[in-house]
Amino acid sequence: MNANPDVEHFARLIDTLHPWLDEVVIIGGWGHRLYRLHALAQPLDYEPLGTLDTDVAVPAQLPANGEDIRQRLLENGFREELLGSMEPPAAHYHVASGDSGFYAEFLTPLVGSEIKRGGKRDVTAQIAGVLVQKLRHLELLLNAPWEVVVAPATGYPTSGSRPVYVPNAAAFLAQKILIHDRRDRADKAKDILYIHDTIETFGGNLPMIREEWERNVMPALHPRASREVANAAEVHFQEVTDTIRDAARIATGRNLTPEMVREVCSFGWQQCFPR
């Protein structure tokens, strides 16, 4: 695991976020990577899909503890890059030294319409000093998260043992389907591979994923969204598509065929999300 040079940067980010680790959730590619540390995971013979950015999901309201996330980032070797013309702007928080492409991005749920009165877009905010982007269906990933332990003993050079939250796997999978139509072609393919690899990671415990869906995820969804998730095997995995072909193509060095991707996704989805 330490062969990845960005593991050190990720560990620094986790140390920086230590005061908020009981409130924030590591999502996206790094959240998926951390699934390998979960008690329900099974060993796999391939590395997790890599990513340069760390997505951190932040609740709209953080408890007031007198500390500032942005200030801690700047004090711990990150620099802020402002993006776009929104008010407030979006931001990436890059490693300040070296030539690494590693950066952190902070996200929070979008509630209601992103277009407010007067036509202004309401897709960014500032929470605990840090600039965040608002995204649809992100609340799923903050609900009933799972805990893993990031520490030197688990391959991450943090300054101590750090309990970290990641989305429960049912929420992670469901959200991938609910945002699928909004993604571009490359991101759709990556999301399908994330679905495939998550199902393989927890392949021996798919009934536990189904329990999470029925207990914690489905009740929080609108019935229409629940049906969209439940029908995904038929809609997305009934036959090999160009997106599935793209997903197999980016799984470099794994001899993964499009049909293998489709079969795992179809079978696993029906086990986790029964119609």
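The largest pocket of this predicted model holds about 860 Å³ of space. Of the 31 residues lining that pocket, Asp55, Leu107, Leu135, Ile179 and Arg183 are the closest to its centre. The second largest pocket has a volume of about 180 Å³.

**The largest pocket**

- Helices and strands both contribute to the lining of the largest pocket, with at least two residues coming from each of α2 (28-34), β2 (53-57), β5 (103-109), β7 (130-135), α5 (169-178) and α6 (185-201).
- The largest share of this lining belongs to α6, which gives four residues.
- Sorted by class, the lining of the largest pocket comprises 14 charged, eleven nonpolar and six polar residues.

**The second largest pocket**

- The lining of the second largest pocket is made up of Leu110, Arg136, His137, Glu139, Leu140, Leu178, Ala220, Leu221, His222, Arg224, Ala225 and Glu228, and the elements that give two or more residues to it are α4 (139-142) and α8 (223-230).
- Three residues of this lining come from α8, which is the largest share.
- In terms of class, the lining of the second largest pocket has six nonpolar, four charged and two polar residues.
- His137, one of the lining residues, sits in the loop between β7 and α4, where its phi is near 70°, a positive value in a residue other than glycine.
- His137 counts as buried because its relative accessible area is 15%, and the cut-off for that class is under 20%.

**Helix α6**

- The 17 residues of α6 span 24 Å from the first C-alpha to the last, which is close to the 24 Å expected at 1.5 Å a residue.
- At the start of α6, the backbone nitrogen of Ala186 lies within 3.3 Å of a side-chain oxygen of Asp184.
- Most of α6 is covered, with twelve of its 17 residues buried; among them are Lys188, Asp191, Leu193, Tyr194, His196, Asp197 and Thr201.
- The elements that cover the buried residues of α6 include α2, α5, α7 (206-217), α10 (242-250) and α11 (258-272).
- From the loop between α10 and α11, Arg254 touches Leu193, His196 and Asp197, and also Tyr46, when residues up to four places away in sequence are not counted.
- Arg254 is itself classed as buried, because its relative accessibility is 18%.

- Helix α1 (6-16) is largely enclosed by the rest of the structure, since nine of its eleven residues are buried.
- Glu23 belongs to the loop between α1 and β1 (25-27) and counts as partly exposed because its relative accessibility is 29%.
- Apart from residues up to four places away in sequence, Glu23 touches Pro59, Leu62, Pro63 and Leu142.
- Between Glu23 and Ala232 there are 209 residues of separation in sequence and 30 Å in space, taken C-alpha to C-alpha.

**Thr51 and its surroundings**

- Thr51 is placed in the loop between α2 and β2, and its side chain is joined to that of Asp53 by a polar contact of 2.7 Å.
- Leaving aside neighbours within four places in sequence, the contacts of Thr51 are with Gly29, Trp30 and Tyr194.
- Although Thr51 and Trp30 are 21 residues apart along the chain, 7.2 Å separates their C-alpha atoms.
- Tyr194, which Thr51 contacts, is one of the buried residues of α6.

**Backbone features in other loops**

- The peptide bond that joins Glu87 and Pro88 is cis, with omega at about 0°, and Pro88 is found in the loop between β3 (78-83) and β4 (90-95).
- Ala128, in the loop between β6 (124-127) and β7, has a phi near 50°, a positive value in a residue other than glycine.
- With a relative accessibility of 27%, Ala128 counts as partly exposed, whereas His137, which also has a positive phi, is buried.

Methods: Residues numbered from 1 in each chain as written. Predicted model: local features only at pLDDT ≥ 70, side-chain atom pairs only at ≥ 80, totals over all residues. Heavy atoms only, no water. 1 Å grid on protein atoms, 1.4 Å probe; cavity = no way out; pocket = protein on both sides within 12 Å on 5 of 7 lines; lining within 4 Å. Points joined across faces, edges and corners; volume = space filled by probe spheres on them. Nonpolar A, V, L, I, M, F, W, Y, C, P; charged D, E, K, R; others polar. Expected span 1.5 Å × (residues − 1). Buried < 20%, exposed > 50% of the residue type's maximum accessible area, 1.4 Å probe, protein only. Contact = heavy atoms within 4.5 Å. Polar contact = N/O pair within 3.5 Å; in protein donor to acceptor, adjacent residues only side chain to side chain.
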